[in-house]
Every structure is written in C-alpha cells, then in structure tokens.
Amino acid sequence: MRKSNLFLLYLLINITLLALLFAHSFLGENGGSHALEEKREMVRQYQLTDLCLFTEASYTRHLSVADRHTPFQDGPMTLEHFPSGSILAPPGKE
Amino acid sequence: MDTWIQRQKNIIDFTLSSLLRRKRKNAALVCVYTLVVFLLASVIFFTHAIKREASLLLEGAPEMIVQRMIAGRQDPIPIHYVEKIQGIRGVGSVRGRLWGYYYDPVVGANYTLVVPESKHPEEGSIRIGQGLARTRLLDVGDEMEFKAHDGVIFNLTVRDTFAEKSELISSDLVVISESDFRKLFGLAPGHVTDLTLAVGNPREQSTIAAKIAAVLPDTRIILKEELLRTYDAIFNWRGGLMLVILFGAMLAFIIFAWDKASGLSAEERRETGTLKALGWETSDVILLKFWEGMAISLSAFFTGVILGYVHVFFMSSVLFEPVLKGWSVLYPKFKLTPFIDPYQIVTLFFLTVVPYTVATIIPSWRAATIDPDSVMRG
C-alpha cells in the first residue's frame with residue numbers, strides 16, 4: 001500500500017476515534033443522568049454546599065462558605081501552606 | 001481534480017519517506033508534541049467536566065445560607081433568628097443546619113459531620129462516606145471512636161455507607177443524629193451551625209439578602225449563585241494548575257518554533273537543493289513542507305487528544321491525583337461524567353496545531369526559495 005494511503009487511513013481512523021469519543025461523552029451524559037439525579041438528591045437532603053475535592057483543610061473542603069482570610073487565622077505564622085491553595089484561584093467577586 | 005489528488009498523494013509519499021529518513025529525530029518530536037497536547041487536553045477536559053459536574057450537582061444546594069459572624073469568625077447562630085428572617089416578605093422556608101468538622105487523630109484526617117434534615121440516623125449510629133471507610137478500614141456494623149468536646153470517648157456504630165459513585169460529594173461525610181452531634185461538640189440546644197433559606201422568586205434573592213443584613217447585622221449571607229460561581233472560578237486559566245501547564249506548553253512551543261525558525265539542517269538544505277535542481281517548483285517545496293508539518297502536528301494532536309480523554313474519563317485523571325490530593329489523608333476516588341464539546345477541541349487545535357504551523361511557515365518559504373547551485377556546491 002502507498003505511504004500516502006496509509007497516512008490518510010491513519011487520519012481517518014483518528015477522526016473516527018474522535019467521533020467515538022463524542023458519542024461516548026454524549027451517551028455518558030444521558031446514561032449518567034440517573035446517577036446525577038441521585039447525587040443531586042443527596043445534595044438536597046443533606047443541604048451540601050461543596051464538592052469533596054480537597055479535604056486537607058476546612059477552608060479548602062468547603063470553599064464556598066470559607067472566609068477569604070481563614071488561612072491566616074490557623075496560626076500566627078501561617079501563610080497559605082496547603083498544596084491545594086496553590087491550585088485554586090482565589091475566590092473572585094465578579 | 002483527479003490530477004490534483006494524485007499530485008498531493010505523490011507529495012505525501014515523498015514527505016513520509018523524507019520524514020522516515022530522519023525517523024529518530026521526528027519520532028522524538030512527535031513524542032514531545034503528543035505529550036504537550038495530552039497535558040493540555042487532560043487539563044481542559046478535567047476542568048470543563050468538573051465545573052459542569054459542580055454546576056449540575058449544586059443545583060440542589062440551599063438557595064441562601066445565613067451565617068453568624070462574631071469577631072470575624074463564624075459562630076453558631078441562635079435558632080430564634082429563624083423567626084426574624086421568616087418575617088421578611090418573599091422568604092419561603094428557613095431551616096437550621098447542623099454540620100461541622102471532626103479531626104481524627106488516628107489517621108490525621110478531617111471529616112465533615114452532617115445532621116440530615118430528614119431521615120435522621122438512630123442515636124448511636126452513623127452513615128459514612130467511602131473515603132472514610134477506606135481510610136479507617138471500616139465496614140457496616142463496625143464501631144468508630146469519637147472524642148467529644150469534654151474529652152469523653154464514645155463509640156458510634158456504622159449503620160450504612162454511601163455508594164462509591166457519590167464519592168465526589170460524600171467521601172468524607174459522617175451523617176449523624178442531632179443528639180449525638182450536640183453531645184460531640186457541646187452545642188447548646190438553642191443554636192445551629194447556620195441557616196438555609198428557600199426563596200420563592202430567585203430574582204428577589206439579593207433584595208432579601210439586603211433585608212436580612214439590615215435586620216441581622218451580625219450575619220453573612222451566601223447566595224447559591226455565589227456557590228456556583230466559586231466552582232466556576234476555581235479552575236479558570238489563572239488557577240495554578242492551568243497556569244503551570246499552559247506555561248510548560250508555551251515553553252515547549254517556543255523551543256519548537258526556535259528549532260524551526262533557526263533554519264534547516266545541512267541535510268535538509270541539500271535535499272531541497274537537489275529537488276529544485278531536479279525541477280521541483282517553489283510551490284512544490286512549500287507543499288512538501290506543509291505536509292511535513294501536517295503529518296507531525298496532526299499525528300500528535302489526535303493521539304494527544306485521545307490519550308487525554310482516556311486519562312480523564314477512563315483512568316480518573318490518575319496523573320493529576322498527586323497534585324489534587326496535596327496533603328489530604330482522605331481523598332475521594334471519583335469518575336467524572338464524560339463531557340467534551342467541539343469548543344474544547346477547537347481550543348486545543350488553536351493552542352497546539354496552529355502555533356506549530358505558523359512556526360514552520362517562514363522556514364518553509366526560506367527552504368523553497370533556496371538556490372540549488374549554492375547548496376549543491378556546499
């Protein structure tokens with residue numbers, strides 16, 4: 001087989017795979033709606049306000065209800081020292 | 001048309017043969033390029049998916065939260081504040097919320113203790129998240145030790161655990177009865193942690209918040225839209241994760257561009273000179289360089305994007321885990337709902353393929369206008 005045909009075939013396979021990813025994402029979104037509804041019901045029942053992403057400090061566990069100055073109140077020499085503090089953008093007022 | 005296609009295919013044939021002659025260099029280039037695309041794709045997929053998941057899940061969050069602030073710190077709020085808030089026109093239901101943190105010295109982890117609004121667990125029993133069960137090796141029926149505010153140790157029985165698929169919201173949760181919660185933290189009966197409000201008309205939220213602040217000046221009000229905005233802002237491009245990876249990717253492209261713009265290798269110059277001496281037109285050489293760039297960048301782009309998707313949605317972003325975990329003892333294992341849209345793919349394309357193509361334009365023009373005589377004479 002000519003090299004150009006192989007290359008075009010390779011591109012075609014990649015485009016097909018990309019299309020399959022879109023299909024997977026679409027199916028996952030619809031298939032996951034039941035699980036999502038269950039989780040949303042949990043949020044409603046337990047009146048949760050945040051995702052459980054960073055459990056290392058109270059102000060990173062509940063980002064939306066934490067004070068902006070909390071990191072500095074944990075101790076007199078405490079600048080922001082938790083690694084997640086370097087990942088998160090500071091809360092902004094838009 | 002057929003002639004045009006044949007011409008392109010002939011040039012692609014030649015391009016691929018030319019690339020294969022320098023296979024080590026080009027393979028290394030494609031590997032690094034793929035890695036850059038993979039990292040960018042993983043970050044874009046992850047941040048979009050988590051922001052979307054947060055916005056969908058937090059639709060069920062309280063519409064308004066009222067916290068009491070004393071000396072700049074949040075303090076338990078007296079339950080009689082409910083009556084004052086209920087007197088404001090437009091306020092639906094007002095409920096007291098009991099929740100707090102418990103530091104477990106055994107493993108050094110923080111848990112979130114919550115008293116549910118309904119379906120309270122029986123006194124002496126708890127329902128825990130999977131992350132906690134994993135960290136403390138607990139199962140249904142096991143007992144967990146808690147040290148109360150007065151130093152008294154008491155045991156609570158694990159009645160149930162949350163499903164694994166809900167770890168993103170429940171990993172560190174301990175659902176506890178009201179009496180156990182008050183016993184543990186010594187919270188007076190007339191106080192709750194904060195208040196949650198339901199508001200009939202969402203457009204009245206800011207007016208109601210202003211009225212509450214006027215009636216109860218020692219309170220801080222958090223609106224649901226602020227909760228949602230928090231998660232929208234967390235993973236924006238200024239956030240550390242995005243910035244570090246964008247910086248790395250930009251640096252990689254500067255190196256690519258420098259490599260390309262600094263000119264052609266002696267071998268490439270000789271090849272181009274020979275082609276021109278054999279009768280290739282300038283446009284043919286430019287076309288050759290175009291296909292060379294496309295073969296490299298498209299291969300890297302597709303492979304990087306596909307690997308990025310697999311990494312985020314099939315392998316739970318395993319490479320990001322150490323970064324996200326930080327110093328957390330208890331980390332949720334979660335799979336995000338797959339979400340990609342054409343906008344993300346176009347963004348990735350413009351961030352990766354376009355800079356590379358632009359960086360190859362000038363060298364390819366220089367290559368195409370090379371004088372065969374001077375090159376072949378050396």
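Colleague: Where in chain B is B:Ser316 found?

Modeller: B:Ser316 is in the loop between α11 and α12 (321–325) of chain B; helices are DSSP runs of H or I with at least four residues, and strands are runs of E with at least two, numbered from the N terminus. The model is predicted, so local features need pLDDT of at least 70 and side-chain atom pairs count only at pLDDT 80 or more, while totals for chains, interfaces and linings use all residues. Residues are numbered from 1 along each chain as its sequence is written, chains are lettered from A and ligands numbered from 1 in the order in which they are written, and side-chain values use heavy atoms, with hydrogens and water left out.

Colleague: What is the phi of B:Ser316?

Modeller: Phi of B:Ser316 is near 50°, a positive value in a residue that is not glycine.

Colleague: And does B:Ser316 count as buried or partly exposed?

Modeller: B:Ser316 counts as partly exposed because its relative accessibility is 28%. Buried means under 20% relative accessible area, exposed means over 50%, and partly exposed lies in between (1.4 Å probe, protein chains only).

Colleague: Which residue of chain A has a positive phi although it is not a glycine?

Modeller: A:Gln47 has a positive phi, of about 50°. A:Gln47 lies in the loop between α2 (33–45) and α3 (58–61) of chain A, and it counts as buried because its relative accessibility is 9%.

Colleague: Turning to the two chains, how many residues of chain B are in contact with chain A?

Modeller: There are 88 residues of chain B in contact with 59 residues of chain A, where contact means heavy atoms within 4.5 Å. The area buried between the chains is about 6800 Å², with 63% given by carbon and sulfur atoms. Buried area is the accessible area (1.4 Å probe) that two parts lose on being put together, summed over both.

Colleague: Which residues of chain B lose the most area to chain A?

Modeller: They are B:Ile169, B:Phe302 and B:Trp327, together 9% of what that side buries.

Colleague: How many salt bridges are there across that interface?

Modeller: The rule finds five salt bridges between chain B and chain A, each being a side-chain nitrogen of Lys or Arg within 4 Å of a carboxyl oxygen of Asp or Glu. The side chains of A:Arg40 and B:Glu59 also meet in a salt bridge, at 3.8 Å from N to O.

Colleague: Which helix of chain B gives the most to the side that touches chain A?

Modeller: Helix α11 (residues 282–314) does, with 10 residues.

Colleague: Now for the domains: how is chain B divided?

Modeller: Chain B has domain 1 (2–58 + 233–377) and domain 2 (77–192); such bounds come from an automatic or database domain assignment. The centres of the two domains, taken over C-alpha atoms, are separated by 49 Å. Nine residues of domain 1 are in contact with 14 residues of domain 2, and the area buried between the two domains is about 850 Å², of which carbon and sulfur atoms give 74%.

Colleague: Which residues of domain 1 lose the most area to domain 2?

Modeller: B:Val329, B:Leu330 and B:Lys333 do, together 61% of what that side buries. Across this interface the rule finds zero salt bridges.

Colleague: Lastly, which residues does B:Thr15 touch?

Modeller: Leaving out residues up to four places away in sequence, B:Thr15 touches B:Leu288, B:Trp291 and B:Glu292. B:Thr15 is in helix α1 (residues 2–21) of chain B and counts as buried because its relative accessibility is 1%.
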